[in-house]
Amino acid sequence: MKIRNHHYRTIWRDAQSVCIIDQTKLPFAFEVERLHTHTQMCEAIRSMQVRGAPLIGAAAAYGMVLGCQHNADDQTLQSVASQLIATRPTAVNLAWAVQRMLQQLLSIAVAERAQAAWVFAQAIADEDVAQNQAIGQHGQELIAAVATANPEQVINILTHCNAGWLATVDGGTALAPIYAAHDAGLRVHVWVDETRPRNQGASLTAWELAQHAVPHTVITDNAGGHLMQHGQVDMVIVGADRVTKSGDVCNKIGTYLKALAAYDHQIPFYVAVPTPTIDWQLTDGTDIEIEMRDADEVAYMQGQDEDGQVRRVRVIPNESQALNPAFDVTPARLVTGIITERGVFPPEQLKSLETSL
Ligand code: MRU
């Protein structure tokens, strides 16, 4: 993604350290942070300086690299892997990337591991970029089909949370088809769910769509159903943190309600994921562990005041409790199609993909 005329990935190697964009500072400040240890990487993932399923996969891979630079024996690798896996439970990409790194590193001599780890992590990052590019192409065809059927019309696409460039190494998943359609000259407009409590839609999706000059409007999380009732949503595209082999989709809290509303209005509901987001071990989405985050994320909101000061304010009574499940599961029956780098699959056909990977 181009930011101030410079092409950035969201994570990259610089000498013996790893650079990330601190997403907790956006949209008010674009700050790069340099990480030197796997402990720093664990904290960056836990605090959501880096977030989004594919990006935390790549971040965890680089965490493995940082964790084996001084000692790469089997015990150290296993310990670093467990610490990284424990940072966030829901997105399967994280454990997938750590397991892949572990398998590759354990299969070579201890003395070679520190150097080789950089190459293995880079491969995970590069694969993510290529997968998202392919998702963009497949998804763009779906948008183009709607545009062909309605030549005069702007295509209104609703998205939830942030499944864009910032949630991946580059390119995005749910936003990749939108960027591709916009770049191809199709007239698209995006309804951006604000996505309480952390506001990834309002703070991150809106910011990156603005960087790419894609027309968009931020809406409250509860506005989507109303817009659908009034014919103002042509399709929904979201990302996911984990998809089961039966096509159940676990994504940011609130996704399920959007899928129910879309189903009621026969609006296509697409989920864009690279294949590392598919958990072939699970069939039933209700078996997925849902991350419970700090209740303070619900009790407080962060924003910038008119003087440019970033402030955190409480929005619920001091006496009230809050509950903060970070994800929910949309059953496969509400999903029109899963857009992967290998093509678009109705949920019931997703299984056919497993054997070809
Ligand atoms: O809690 P987050 O911000 O990491 O959650 C992100 C999402 O729910 C995204 O939709 C999902 O990870 C897909 S990212 C391509």
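**View 1. Elements of the shell around the ligand.** The helix α2 (53–67) and the strand β11 (249–252) each supply at least two residues of the shell around the ligand. Helices (H or I, at least four residues) and strands (E, at least two) are DSSP runs, numbered from the N terminus. This is a predicted model, in which local features need pLDDT of at least 70 and side-chain atom pairs count only at pLDDT 80 or more, while totals for chains, interfaces and linings use all residues. Residues are numbered from 1 along each chain as its sequence is written.

**View 2. Residues around the ligand.** Of the 17 residues around the ligand, R51, A53, A167, G239 and K252 come nearest. A residue is near a molecule if its C-beta atom, placed from the backbone, lies within 6 Å of it. The shell is made up of eight nonpolar, six polar and three charged residues. Here Ala, Val, Leu, Ile, Met, Phe, Trp, Tyr, Cys and Pro count as nonpolar, Asp, Glu, Lys and Arg as charged, and the others, Gly among them, as polar. Domain 1 (2–127) and domain 2 (137–354) each give at least three residues to the shell.

View 3. The "active site" annotation in the unreviewed UniProt entry covers D241. UniProt positions are given in the numbering used here, feature names are shortened, and annotations may be inferred rather than shown by experiment. D241 is in the loop between β9 (235–238) and β10 (242–244). D241 counts as buried because it has 31 C-beta neighbours inside 10 Å; the cut-off for buried is 20 or more other C-beta atoms within 10 Å, with C-beta atoms placed from the backbone. Leaving aside neighbours within four places in sequence, D241 is in contact with A53, T90, A91, C250, N251 and F327. Contact means that the C-beta atoms of two residues, placed from the backbone, lie within 7 Å.

View 4. The protein chain is divided into domain 1 (2–127) and domain 2 (137–354), with bounds from an automatic or database domain assignment. Their C-alpha centres lie 24 Å apart. In domain 1, 24 residues are in contact with 31 residues of domain 2. On the side of domain 1 that touches domain 2, α2 and α4 (92–106) each supply at least two residues, and α2 gives the most, with five. The residues of this side divide into 15 nonpolar, six polar and three charged.

Terms used:
Buried ≥ 20, exposed ≤ 12 C-beta atoms within 10 Å, placed from the backbone.
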